[in-house]
Protein chains: 2
Amino acid sequence: MAPKAYYSIHPKFHVSVDCIIFGFEDGELSLLLLKRNFEPARGQWSLMGGFVEEGESTDAAARRVVAELTGLNDLYMSQVHTYGAPDRDPGERVVSVAYYALVDIKKYNRELVDAHNAFWVNLPEVPPLIFDHGTMVEDALRFMRYQASVKPVGINLLPEEFTLTQLQTLYEAIFGQSMDKRNFRKRIASMDYIEKTGRVDKTMSRRGAALYRFNPDKYHEQSIFKI
Amino acid sequence: MAPKAYYSIHPKFHVSVDCIIFGFEDGELSLLLLKRNFEPARGQWSLMGGFVEEGESTDAAARRVVAELTGLNDLYMSQVHTYGAPDRDPGERVVSVAYYALVDIKKYNRELVDAHNAFWVNLPEVPPLIFDHGTMVEDALRFMRYQASVKPVGINLLPEEFTLTQLQTLYEAIFGQSMDKRNFRKRIASMDYIEKTGRVDKTMSRRGAALYRFNPDKYHEQSIFKI
DNA sequence: ATTTTAAAGTGTAAAAACAACACTTTAAAC
DNA sequence: GTTTAAAGTGTTGTTTTTACACTTTAAAAT
């Protein structure tokens, strides 16, 4: 057995999660940020966060915290990095684990967001954030871009059914560069896990655009590394 | 100011670091593992780890822990992931941040390693490890491979000066696949930050092989993502 | 009924990157 | 001077990526 002293001679710290919540609307990525009407750092902008509770995993804490703010329970989420500088929170020592989440911006619970005094802010207009939250956003964006470059996580920012124009606009926003329509569609056509639903979206054009969906059964992750 | 209760109503946990220490010898990657002659889990295999102390960042704790075992202070290290399941350590709740380190296996301090009852184990022969350390190793290997595929971190596993044959053998070990000698050398030749030193290594062949080194001044990270 | 409009949809050719492939050179050891 | 074993070196075919502009469609306006 482990001697009690093995653990007890060492300090304990608060552990928190901070969530970088991405949305997509009108061709732009945005973040859900709190304008804090509570302490500490009242009046400043921050990420949504919370403390990890007894018996709760850090992953579960991140899901709880995002659900408290958005009302959404089954989001795509991924751990980004852990921030462990002793003075990162000026109040007390808090080790914080950052997660990013991808939200279909049509679906979040507006009342909850308003109640938290939270706002969707377009990425280029993100204000200075408290503590190391600005660094967290940079790291999360880099990591989300990486993941979006190797697997179709970006689709979690769109409705279940989406047009190819929507999809292209999304990827242009994620990678910050415009893409050739024909080349983009050729690439999508080669992905059998993105399939036509047969339905047509008429909201964006008179002609109508074919709706597609992601088929998870046809998607098999592949990881091939090269130097 | 932050009300005291803001923090104090929340629990605190032990925070530890666990280190996946990679070495390279005889064409194989290996890990430095402890055969634990101490509690908890005496007699089992584990990663080198330790608790984060007051006033110490998690990064600093990881460096300290690796230095305690190897005597080496300036290793390439990178945070991998944080493991926060409430029952991951059967003794008490411990949130653990994993880091990987790359060691030039010629340089570590043998006395320290022996004193810790630690051994270099070739990757395919890694035994079952305690707690979630096996998962940590898988995650670290995947992440190290990814990093090695986008930047020349692998070079930290070699001496300052190395031959192209050594470098190719290293990458073959990292990616688990053999590579064409001419294509490999063409790629290296296109990397101006890997430069000939003018010296020759005579230990591996009568003819001698040119020695190369990494020139950090010529290396500029580039990150371009594509879908 | 015809014309206008605005987004959806479509193919080809050049360039670049990657993959496959085998012999020559060198210097020490015998 | 012959042998040995690793170091070193180019070309060609294939695949992938990029650049580029017009046609189709269906509703709205006339």
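Visitor: What makes strand S8 (residues 161-163) and strand S10 (residues 209-214) of chain A a pair?

Guide: Two strands pair if DSSP finds at least two bridges between them. S8(A) and S10(A) have 3 bridges, in the antiparallel sense. The count meets the rule, so they are called paired. One position to look at is A:Glu161, which stands opposite A:Arg213 in S10(A). Helices (H or I, at least four residues) and strands (E, at least two) are themselves DSSP runs, numbered from the N terminus.

Visitor: What kind of model is this, and which pLDDT limits apply?

Guide: It is a predicted model: local features need pLDDT of at least 70, side-chain atom pairs need 80 or more, and totals for chains, interfaces and linings use all residues. Residues are numbered from 1 along each chain as its sequence is written, chains are lettered from A and ligands numbered from 1 in the order written, and side-chain values use heavy atoms, with hydrogens and water left out.

Visitor: What joins strand S9 (residues 194-201) of chain A to S10(A)?

Guide: These strands share 5 bridges and are antiparallel. The rule asks for at least two, so this is a pair as well. In S10(A), A:Tyr212 is the bridge partner of A:Lys196.

Visitor: In chain B, what is the order of the open sheet of 3 strands?

Guide: The order is S8-S10-S9, with antiparallel pairing. S8 (162-163) and S9 (194-201) of chain B are the edge strands.

Visitor: Why are S8(B) and S9(B) called edge strands?

Guide: Each pairs on one side only. S8(B) is joined to S10(B) by 2 bridges, with B:Phe162 opposite B:Tyr212. S9(B) is joined to S10(B), residues 209-214, by 5 bridges. There B:Val200 has B:Ala210 as its bridge partner, and B:Glu195 stands opposite B:Arg213.

Visitor: What makes A:Arg64 and A:Glu68 a salt bridge?

Guide: The term needs a side-chain nitrogen of Lys or Arg within 4 Å of a carboxyl oxygen of Asp or Glu. Here the closest N and O atoms are 3.0 Å apart. That value is within 4 Å, so the pair qualifies. The two residues are 4 apart in helix H2 (residues 58-70) of chain A, which means about one helical turn between them.

Visitor: How many salt bridges are there over all chains, and how many between chain B and chain A?

Guide: The whole structure has 22. Between chain B and chain A the count is 0.

Visitor: What, then, makes up the interface of chain B and chain A?

Guide: Contact means heavy atoms within 4.5 Å. By that rule, 48 residues of chain B are in contact with 47 residues of chain A. The rule for polar contacts finds 20 residue pairs across the interface, both at pLDDT 80 or more. (A polar contact is a pair of N or O atoms within 3.5 Å; within protein, one must be able to donate a hydrogen and the other to accept it, and residues adjacent in sequence count only if both atoms are side-chain atoms.) Several elements of chain B each supply at least two residues to this side, including S1 (12-25), H4 (133-150) and H5 (164-175). H4(B) gives the largest share, 5 residues.

Visitor: How much area do the two chains bury between them?

Guide: About 4800 Å², with 64% of it on carbon and sulfur atoms. Buried area is the accessible area (1.4 Å probe) that two parts lose on being put together, summed over both.

Visitor: Which strands pair between the chains?

Guide: Strand S1 (residues 12-25) of chain A pairs with S1(B), antiparallel, over 3 bridges. A:His14 has B:Lys12 as its bridge partner.

Visitor: Which peptide bonds to Pro40 are cis?

Guide: In chain A, the bond from A:Glu39 to A:Pro40 is cis, with omega near -5°. In chain B, the bond from B:Glu39 to B:Pro40 is cis, with omega near -10°. A:Pro40 is in the loop between S2 (28-35) and S3 (45-46) of chain A. B:Pro40 is in the loop between S2 (28-35) and S3 (45-46) of chain B.
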